[in-house]
Amino acid sequence: MSDTEWTEAMFRGLTSHSADIISLLDATGRLRFNSEATVRISGFSPEELQGKDTFELIHPDDRAQVGRVFAEVLATPGAVRTVEYRYRTKDERWVWMEAVASNQLDNPAVRGVVANSRDISERKQAEAERLRLEQHLQHGQKLESLGVMAGGVAHDFNNLLTVILSC
């Protein structure tokens with residue numbers, strides 16, 4: 001087995017067992033490689049995504065932000081950036097992803113942008129639930145403050161009525 005075959009076999013073996021999607025993109029954002037985690041997270045096989053423009057699968061509201069981050073990565077060899085976005089699955093759902101991208105275009109062994117992407121949908125749901133609970137707590141605290149204030153006003157009013165009725 002030559003070094004090239006061993007390196008490719010080792011690479012495929014390592015990436016096939018990763019929980020995250022490992023992708024290789026060209027400078028235009030076209031997918032040259034996706035690891036097997038793609039099937040578990042998005043429902044697409046790596047072969048279905050081969051040559052596809054990755055931006056087509058990113059939620060329209062998130063494309064500009066991801067495009068800016070991708071441009072920053074392209075601008076500096078070796079640059080590493082992180083971005084969160086929604087990604088369309090094969091069954092037309094949206095999952096929240098966090099990608100860490102590294103510009104390896106100048107690396108002769110890679111010649112691409114390497115992205116390590118993970119599904120953070122559960123984390124986003126937990127954050128949304130935490131925010132909802134915090135807002136609910138703040139609302140309760142406002143109502144409690146209003147009740148204390150109303151009680152104070154009622155007490156003061158009662159004292160005034162007592163004085164008036166005593167006269």
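Is Ala154 buried or partly exposed, and what is its relative accessible area? I looked this up before anything else. Ala154 comes out partly exposed, at a relative accessible area of 44%. My cut-offs: buried is under 20% relative accessible area, exposed is over 50%, and partly exposed lies in between, with a 1.4 Å probe and protein chains only. Ala154 sits in helix α5, residues 121-166.

**Ground rules**

I am working on a predicted model, in which local features need pLDDT of at least 70, side-chain atom pairs count only at pLDDT 80 or more, and totals for chains, interfaces and linings use all residues. Residues are numbered from 1 along each chain as its sequence is written, and side-chain values use heavy atoms, with hydrogens and water left out. Helices (H or I, at least four residues) and strands (E, at least two) are DSSP runs, numbered from the N terminus. I call two strands paired if DSSP finds at least two bridges between them.

**The sheet**

I traced an open sheet of 5 strands in the order β2-β1-β5-β4-β3, with antiparallel pairing. β2 (31-34) and β3 stand at the edges; each has a single partner strand, so one side of each lacks a neighbour in the sheet. Neighbouring strands are turned by 25° against each other on average, direction ignored. For such angles, axes are lines fitted to C-alpha atoms, for helices over the stretch in contact, and values run from 0 to 180 degrees between N-to-C directions.

I then went through the pairs.

- β1 and β2 pair in the antiparallel sense over 3 bridges. Leu25 has Leu31 in β2 as its bridge partner. The two strands form a hairpin with 5 residues between them, and Gly29 in the turn has a positive phi of about 95°.
- β3 (residues 80-88) and β4 (residues 94-104) pair in the antiparallel sense over 9 bridges. Val80 is bridged to Ser102 in β4. This hairpin has 5 residues between the strands, and Glu92 takes a positive phi near 70°.
- β4 and β5 (residues 112-119) pair in the antiparallel sense over 8 bridges. Ala99 finds its bridge partner in Ser117 of β5.

Helix α4 (residues 63-75) lies across β3, β4 and β5 and runs at about 150° to β3.

**His59**

I found His59 in the loop between α3 (46-49) and α4. His59 is buried, with a relative accessible area of 15%. Leaving out residues up to four places away in sequence, His59 touches Arg86 and Trp94. Contact here means heavy atoms within 4.5 Å.

**Empty space**

Rolling a probe the size of a water molecule over the atoms shows where empty space is left. On a 1 Å grid over the protein atoms alone, a cavity is a set of points where a 1.4 Å probe fits but cannot get out; a pocket is an open set with protein on both sides within 12 Å along at least five of seven lines; lining residues have an atom within 4 Å of a point. Grid points are joined across faces, edges and corners, and a volume is the space filled by probe spheres set on the points.

How many cavities of 30 Å³ or more are there? The count is 1. The largest cavity has a volume of about 300 Å³. Its lining has 23 residues, with Thr54, Tyr85, Ala99, Ala115 and Ser117 nearest the centre. β1, β2, α4, β3, β4 and β5 each supply at least two lining residues. α4 gives the largest share, 4 residues. I sorted the lining into 18 nonpolar, 5 polar and no charged. Ala, Val, Leu, Ile, Met, Phe, Trp, Tyr, Cys and Pro count as nonpolar, Asp, Glu, Lys and Arg as charged, and the others, Gly among them, as polar.

The largest pocket has a volume of about 390 Å³. Of its 14 lining residues, Thr7, Phe11, Leu24, Ala109 and Val110 are the closest to its centre. α1 (3-16) and β1 (21-25) are the elements that give two or more residues to this lining. α1 gives the most, with 7 residues. The pocket lining divides into 9 nonpolar, 4 polar and 1 charged.

**Ala109**

Ala109 lies in the loop between β4 and β5. Ala109 counts as exposed, at 72% relative accessibility. From Ala109 to Gly151 I get 74 Å, C-alpha to C-alpha, at 42 residues apart in sequence.
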